[in-house]
Amino acid sequence: MNKVVNDFSIIVGTKNGSGSSTANNTILRAIFKMGIPVSGKNLFPSNIQGLPTWYSIRASKDGYLGRRDQQDIVIAINPDSFTRDLASVAPGGAFFYADDIRLPITRADIAIYPMPIKELVKKDPNVPADYRDLVGNMVYVGALAHMIHIDIEKIQAALTFHFKGKQKPIDMNFHAVQAGMEWAKANLEKKDPFYLEPMNQTDGMIMADGNTAAAIGSVFGGAQFVAWYPITPASSLAEAINDYMPMLRKREDGKHTYAVVQAEDELAAIGMTVGAGWSGLRSMTSTSGPGLSLMTEFAGLAYYAEVPIVIWDVQRIGPSTGLPTRTSQADLSFTVGMGHGDSDSIVLLPGDVFECFEFGWQAFDIAERMQAPVFVLSDLDMGMNQWMSKPFEYPTTPMDRGKILWEKDLEEIKGNWGRYLDKDSDGIPYRTLPGNKHPMSAYFTRGTGHDEYAKYTEDSSIFIRNMERLKKKYETAKKYLPKPVLHPTKGATIGIIAYGSTESAILEARDQLARDHGMKIDILRVRAFPFTAEVDEFVREHEQVYVVEMNRDGQLHQLLSLANPEAAMRLISVAYGDGLPASAKWIRAGILEKSANVKPVQKAAAKKAIAKKPSVKKNASKKGAK
Amino acid sequence: MSALPMAGVPANVNTVGLTKNDYRGAPTTLCAGCGHNSISNQIIAAMYEMSVLPENVIKFSGIGCSSKSPTYFMNRSFGFNSLHGRMPSIATGAHFGDHSLKGIGVSGDGDTASIGMGQFKHVMRRNLNMVYIVENNGVYGLTKGQFSATAERGLELKKQGTNPYMPVDICMEALISNATFVARSFAGNAKQVKELIKAAFAHKGIAVLDIISPCVTFNNQDNAHYSYAWGKDHEEPLHDITYIAPRNEIVLERELAEGEVREVAMHDGSVIILKNLEKGYDPTNRFEALRALEEAQRNNWLTTGLIYVSTEKPALADTYNLVDTPLNRLTDVDLRPAPEMIDKVNALMF
């Protein structure tokens, strides 16, 4: 049997609420500490206790962090999902299971490893009866560790980290790991090909989820006001702000420079956020699809009254309540024109945990500079799952608070200002903040029609003038938005455009397509809407552009087609949304399927069209994923 | 230095050196005779008499006739005319920008008791430092005369028929949501309105003022049981929305005495019964306050006066232990963690 080293997936099937996350995180952290690129994904039900849940760990020597469709090692602890779990193991794979589950083993093409978890834990006098199920999870960690060679020292380090150095739980759990290891050593014969071997690919790297990264980024961005309402998968973002604020913004006098308010609903959450943004605070909220729907009316007000706020949308799959614990990229269309009437949204599209941090602080700069709501579209896969990342970097630029007039500024201009006057011809007016004591500072904000001095008016020409200025402001915004990331391939005439958490799976699919089909593909990951010039150039430069995204209707494809009508025939939608994190398998299959439909005539026409265009590669950011 | 009066200071200047004019707003665009205008005037008078700096006040409102009124007082104060029923959340967020400022919110019965009921209740329990005035007329004015949730059962409106539902009692709702200041008045009782505004403004926390403010145009009940003959001389149809008959504001001819019950005729001939709180009534007793409101409901009275006040609960900002400097004046130094903190954070990411 050929050894398969550092390139396989492990799936643990347990019951929701059974406390397996400590065990699974321990495996994940230990592999990470062995220097092997690894990712961890929680595929969980919308339930508190009892329903089946799976944790998927992928070790990848090549650094592919996307979901692997193939299940190489499956650990079955939950009788309810046992049959399904057994069937899911890839041929040649391995199946570990708790031997108190007395169900038939129907596979002969895989390695089968029963584990006497209950028995081993019962024997340990140090484990109180109440803790047996919890600690029992550590037995499979031990058995697995022995079989695939997880470094025991790294397991201990992982437990020490997890329990923040508290010796009692560390010892109790570590004993169970050791018991599992020893039992496996004495009783199991290795029949599968999977092994881990130490590497140095994670040196200097961190491991985090996107919600935590976004929260910390926001704190470094000087977040002052957060109003939120609990919703999966966004809750952990606001909760992480609560966790990190006291440490990161600690003052000697013990007082706070911020406030976090759990609102009564999403209407109030964004209402408070708008109020705080209006009064001059770095103000944010975080939510997911259903909450975003409720926030629509305030988003429209913030656009029209020109109030800076940041809205994180950790996308889950809709429509309606949808699959609350499954990922998606289907809020893009909704977000870009959010609100009734003509309105334009600034949307940031982070692609990984590092960018969740970066956009965490940058979003405030953009919002305050533009005096507009800034949406940041993350998703459940990025937000709640564990990703390897380069370390967070301290903000490189001071805070941009935008155009604000305080008392001395008004004194200088003798109070002669108008809230919506386009003094600098960039569409961005000046604002004053409540508390300004200058007698000319105040103005009356409204969602109704207003003139340059914020006075109510229904005058048609003034209305048009204001709407045109808002459009100009939106154009100005492009200057401040993050540029797309290009992953070039020498000699490529085919392109992929995507955004967000699919990047890793797309890079993997690209490598497979190159290896198996000789396709040369450039990848452009869009990081903001409105699109900047680099995106249009990329579209013009490629014969075919596959637009890959996790939704049904190809929303990014639609937006790109609208922005590049002349290239619409060359933009090919590869859209798929089943709620699971993107995998190279469907991206690859989708591209191959659509490739057959591309007619040569279009290729020729496309070539002609792109002949005179400058190279996109000079302009786009060179920042790669890994 | 002794505080001798300076020569040449006009008598109509208050202790912060402002005249009453400095508290005025834009000319009203509400109907002539609307009770809301009277309330705006009493806000102006109260703020002038209390020598409040307009820059220390933020005005808020939702949507509706009442919510337009902050335009008509205190031009020198910041203001936010927000969304229908969402004034409390806007005000809550804005308050954190500079928690030394006092809010004056003006809402209506539709804005508060229907679409905004949820936010109304929650701003009570958060005890935001704001005067929350409900200009209550039992009817939707701007959309031309539909029932509001405070309309009495049995009220008839031309296009709407008969109201089959019990009214929402705003003071009762405030009280059971743990509001710390609850009062009711009548727009025509100018002196009481002004005194209650002053008391509400001085209160640290949420102060609800439910002010009955008759709609001159739409709350027109032509078959009222208690009908005065006011409308008899007027031939013009009250329901014709293209014509708004000029009317005088309803003003009490004589102050209500303590404990007094008095019927007051509305523009349309209908009657409300005001009941001033008894002498010796203790507004710090929540149990008594609830009893007084229950009693009023049984008798079909509108109890006026300061119904409840408590100074024991901390106002919203106090529960957040904020720095003394207004948050909106903090800069990078206060808001961005030090560079070495990034390493600390990265060390936790494993």
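# Two chains, examined through their definitions

Student: What share of the contacts in chain A with a separation of 6 or more comes from residues 24 or more positions apart?

Tutor: Such residues account for 76% of those contacts, where two residues are in contact if their C-beta atoms, placed from the backbone, lie within 7 Å. The model is a predicted one, in which local features need pLDDT of at least 70 and side-chain atom pairs count only at pLDDT 80 or more, while totals for chains, interfaces and linings use all residues. Residues are numbered from 1 along each chain as its sequence is written, and chains are lettered from A and ligands numbered from 1 in the order in which they are written.

Student: How many helices and strands does chain A have, and why is chain A called as compact as a globular protein of its length?

Tutor: Chain A has 21 helices and 24 strands, these being DSSP runs (H or I of at least four residues for helices, E of at least two for strands) numbered from the N terminus. Its radius of gyration is 27 Å, close to the 25 Å that the globule rule gives for 626 residues, and therefore chain A is as compact as a globular protein of that length; the radius is taken over C-alpha atoms, and the rule is 2.2 Å times the number of residues to the power 0.38. Along the principal axes, the C-alpha atoms of chain A fill a box of roughly 85 × 70 × 40 Å.

Student: Why is N328(B) called buried, and where in chain B is its place?

Tutor: N328(B) has 25 other C-beta atoms within 10 Å, and a residue is buried if that number is 20 or more, exposed if it is 12 or fewer, and partly exposed in between, so N328(B) counts as buried. Its place is in the loop between β13 (302-309) and α9 of chain B. Leaving aside neighbours within four places in sequence, N328(B) is in contact with residues of both chains, among them S279(A), L433(A), G97(B) and D98(B).

Student: What makes strand β14 (residues 323-327) of chain A largely enclosed?

Tutor: Of its 5 residues, 4 are buried, so β14(A) is largely enclosed by the rest of the structure. Strand β13 (residues 309-317) of chain A runs antiparallel to β14(A) and is joined to it by 2 bridges, which meets the requirement that DSSP find at least two bridges between strands that pair. I317(A) has L323(A) as its bridge partner in β14(A), and in this hairpin, which has 5 residues between the strands, S320(A) takes a positive phi near 55°.

Student: Which residues touch the most other members of the largest nonpolar core?

Tutor: I31(A), F95(A), Y140(A), L144(A), V182(B), V208(B) and L209(B) do, in a core of 265 residues. A nonpolar core is a set of buried Ala, Val, Leu, Ile, Met, Phe, Trp, Tyr and Cys residues joined through C-beta atoms within 7 Å. A second, separate core of 11 residues includes L30(B) and C215(B).

Student: How many residues of each chain are in contact with the other chain, and what classes make up the side of chain B that touches chain A?

Tutor: The contact involves 45 residues of chain B and 55 residues of chain A. The largest share of the chain B side, 6 residues, comes from α3(B). That side has 23 nonpolar, 15 polar and 7 charged residues, with Ala, Val, Leu, Ile, Met, Phe, Trp, Tyr, Cys and Pro counted as nonpolar, Asp, Glu, Lys and Arg as charged, and the others, Gly among them, as polar. Strand β18 (residues 444-446) of chain A runs parallel to β2(B), joined by 3 bridges, and T445(A) stands opposite F80(B).
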